[in-house]
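User: I would like to go through how some of the labels on this model were reached. Please set each value against its definition.

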Amino acid sequence: MNPTTLSLPRRDFIGGALALGATTVISAQHAGKTPLLGPILGHSDETSAMVWMRAVAEGEFTLEVTPESGGKAQLVKQQAVEKDDLCLHWRVTDLKPGARYRYRVLQGEKVIADNSGQVLTTAPKADAPTKVRLAISSCAKEDAGSREVWNRMATENVDAVVLIGDTPYIDSTELEKQTQRHREFAAVPEYQALLKSRPCWWTWDDHDFAGNDSSGLAVGKENSRLVVTRYRPQREYGDGSGGIYSSFRRGPVEVFILDTRWYSMTEPSFASPHKPTLLGAKQWEWLQRGLLASTAPFKLLACGVIWDDKENTESDDWGTYKHELTAIQKFIGENKISGVILVGGDIHASRVLRYKTAKTTGYDLVQFIASPIHGSTIPSLNVYNLDLVRSAVEPHVFLRVDADSTVTPAEFHATLINKNGETVFSYHLTAADLQSKA
Ligand SMILES: [Fe+2]
């Protein structure tokens, strides 16, 4: 929710290395002022994990990964170079599912990042009965309250973190500004401490993409994407040249992290050619393939915006793109896709809505809205809605998701928790609630 915009050459992540498309060098002087950032963890799956760090100067750096149970260390080398803003992405492969590994970073013989908390855990085998705990939220600053939330997520022992936008606030697409804000956000000690031992996935909302209520028409959005590809270690970024959507599986949950900014308003909608798009055709095709292929009991569709109308003057919500929401619902119903749960952020209020969509989707769709991590709430956005089942206008919150497939039917328990660890509200679902009744 508030505004601005800007541009740049793109870089994509190719097989564990950074491939830079020409130009764009942040000045060494600017770069030199920033301390070492990280290491933190990005995408991981059953057999691989990604580790990120920003070096203070160019050079070769080695990631050393050792099974916690003992055994041979794996070494992965990467070059920190100014043209990638000194950001290092290591991808370590050939790991065992559901296993713990210690890691550290060396420059030559010298150990430069070593901490007993530097542990990475691979995902358990996809269909093995297991429990997983996620933290999901949006709208964070570098303030004390946001820092307490990072600490609380760690105290709650979450297995993974999903940040769905306005994380951080940037309000510009200028390369320098985007870079500066990502550095400031990544420099928060509590954020680093949280993510040194659990993977994180990110998408953006308006303020980290370009500015308040911004769409895919924002000038300079390539800069925002470039900085995300530098600062956030993901397996893939959108379609490879546009967007930043991604997905991951952790135990009984698969999370589809949608990009509801990059493509919005940029082309006719796949659902209705006379209306604008939100997801864009490429992302929609990716999502359909992913939903059809997923064997997860719970399939989260997570994005920055909310899945209904904010009922204010802004247009960045699914209420503006009902035609695409309807297409998703029809797709779920026609293909009998079970377990879909909607997740949104953005509005500085937290809510649970249960929609009477059984006729279309085969079961009632539920939406969880989790916001804000920082301290400013917006009571006016907690609007009346017939489908509302929980709501709270509470600062410094996140949604703790506990999913359990060791029981039948699998369970999904979502609890909104504040920085003090107090439960604000909770809502329980089982896989049986999310099965097609048709
Ligand atoms: Fe926000």
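Analyst: Two strands count as paired if DSSP finds at least two bridges between them. The model is a predicted one. In it, V352 stands opposite F368 in β19.

User: What makes β18 and β19 a pair?

Analyst: Five bridges join β18 to strand β19 (residues 365–369). The cut-off is at least two bridges, so β18 and β19 count as paired, and they run antiparallel.

User: How do you know that β18 and β20 pair, and in which sense?

Analyst: Strand β18 (residues 350–355) has four bridges to strand β20 (residues 388–392), in the antiparallel sense. At least two bridges are needed, so this is a pair too. R351 has S391 in β20 as its bridge partner.

User: What is the strand order in the open sheet of six strands, and why are β13 and β23 called edge strands?

Analyst: The order is β13-β12-β11-β21-β22-β23, with mixed pairing. β13 (200–203) and β23 (423–430) are the edge strands because each pairs on one side only. From one strand to the next the twist averages 15°. Strand β22 (residues 411–418) is joined to β23 by seven bridges, and the two run antiparallel. There, F412 stands opposite L429 in β23.

User: Why are α3 and α6 called roughly parallel?

Analyst: Helix α3 (residues 175–186) packs against α6 at an angle of about 30°, their axes being 9 Å apart. Angles under 35 degrees count as roughly parallel, and α3 and α6 are therefore roughly parallel to each other. The crossing of α3 past α6 is right-handed.

User: Which residues meet between α3 and α6?

Analyst: From α3, L175, Q178, T179, H182 and A186 meet N223, S224, V227 and Y231 of α6.

User: What makes α6 a mostly covered helix?

Analyst: Of the 11 residues in helix α6 (residues 221–231), 10 are buried. A residue is buried if 20 or more other C-beta atoms lie within 10 Å of its own. The buried residues of α6 include K221, R225, L226 and Y231.

User: How do you know that the length of α2 agrees with its residue count?

Analyst: Helix α2 (residues 144–155) has 12 residues, which at 1.5 Å a residue should span 16 Å. The expected span is 1.5 Å times one less than the number of residues. The end C-alpha atoms of α2 are 16 Å apart, so the two agree.

User: What do the buried residues of α2 pack against?

Analyst: They pack against β11 (131–137), β12 (160–164), α4 (189–195), β21 (397–404) and β22. Buried residues of α2 include V149, W150 and M153. Just after α2, N157 takes a positive phi of about 60°.

Terms used: Residues are numbered from 1 along each chain as its sequence is written. This is a predicted model: local features need pLDDT of at least 70, side-chain atom pairs count only at pLDDT 80 or more; totals for chains, interfaces and linings use all residues. A residue is buried if 20 or more other C-beta atoms lie within 10 Å of its own, exposed if 12 or fewer, and partly exposed in between; C-beta atoms are placed from the backbone. Axes are lines fitted to C-alpha atoms, for helices over the stretch in contact, and angles run from 0 to 180 degrees between N-to-C directions. Two residues are in contact if their C-beta atoms, placed from the backbone, lie within 7 Å. Angles under 35 degrees count as roughly parallel, over 145 as roughly antiparallel, 65 to 115 as roughly perpendicular and the rest as oblique. A crossing is left-handed if the near helix is turned anticlockwise from the far one by less than a right angle, and right-handed if clockwise.
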